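Could you walk me through this model in the viewer, one selection at a time? I would like to know what to click on next and what is there.

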Amino acid sequence: MASEWNIHPRAAACAVCGTPFEPGSTGVSVLLPAEGGILLRRDLCTACFADSGRPERDARLSAWKFTIPTATPKEAKSEPVQRETAIYLLTRLLEAGRPEDTGVIYLLAILLERSRHLIERRVTREPDGRKVRLYEHRATGSFYAVTDPGLEDADIAPLQQQIIRLLDSPAPQPSEPETP
Ligand SMILES: [Zn+2]
């Protein structure tokens, strides 16, 4: 699902002038339509985006400002474990792509949006009419394309229970060794 978007995390440098995005610096991300209905991401420094001749200035395109977080590695380490785990769980479930996880994935994304870790950038419709919400992780600039399953009120409690169970159970870490 997510691969259809072909949207990469925020680039390390301006796509036009190559100036690196240092911590605390600002810029603009633009989603450009490309062949095959995909969206390509371009990250520009503020000066390059302000250049009125640039096609990225087209008001019809999705564009938003960003600020590179200034958190030091030490501060990042002291963040609550659950915060990292919830994002990791969302990533893992999206990569697995199991249809039965659609509800859990969506509710997890909503919870992360309410806790201000994710921000909704765009809503599109699939050919079958389902909504897909595009979320950006504020800290990393990574994107998550989440299908909106149209949950009923009665669906929420069991899904919350499922999320709590998933967050409580030990999950395999992809690269970093487990610390007891
Ligand atoms: Zn630039």
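Start by selecting residues 102–114, helix H4, together with residues 153–168, helix H5. In this predicted model, the two helices pack at an angle of about 85°, and H4 and H5 are therefore roughly perpendicular to each other. Their axes lie 9 Å apart.

Now show the side chains where they touch. On H4, pick Gly103, Val104, Leu107 and Leu108; on H5, pick Asp155, Ile156, Leu159, Gln160, Gln162 and Ile163. Colour this contact by residue type and you get six nonpolar, three polar and one charged.

Next, bring up the sheet. Three strands form it, in the order S4-S5-S6, and the sheet is open with antiparallel pairing. Select 118–125 for S4 and 143–148 for S6: these strands stand at the edges, each with a single partner strand, so one side of each has no neighbour in the sheet. Look along the sheet and you can follow a twist that averages 25° from one strand to the next.

Zoom in on the strand pairs. S5 covers residues 131–137, and seven bridges join S4 to S5. For one of the pairs, select threonine 124 and its bridge partner in S5, valine 132. On to the other pair: S5 and S6 are antiparallel over six bridges. Here, select tyrosine 135, which stands opposite tyrosine 144 in S6.

Follow the chain from S5 into S6 and you pass through a hairpin with five residues between the strands. Stop at glycine 141 in that turn, where phi is positive, at about 80°.

Now zoom out and show the whole chain as a cartoon. Of the 180 residues, 19% are buried. Among contacts with a separation of 6 or more, 56% join residues 24 or more positions apart.

Last, colour by confidence. The chain averages a pLDDT of 80, and 79% of the residues score at least 70. Then select residues 1–6, where pLDDT stays under 50; the model has 13 contacts beyond four places in sequence for this stretch. Where pLDDT is low, the predicted coordinates should not be read in detail.

Definitions and conventions: Residues numbered from 1 in each chain as written. Axes fitted to C-alpha atoms, helices over the stretch in contact; angles between N-to-C directions. Helix = DSSP H or I, 4+ residues; strand = E, 2+ residues; numbered from the N terminus. Parallel < 35°, antiparallel > 145°, perpendicular 65-115°, else oblique. Contact = placed C-beta atoms within 7 Å. Nonpolar A, V, L, I, M, F, W, Y, C, P; charged D, E, K, R; others polar. pLDDT = per-residue confidence, 0-100. Pairing = 2+ DSSP bridges. Buried ≥ 20, exposed ≤ 12 C-beta atoms within 10 Å, placed from the backbone.
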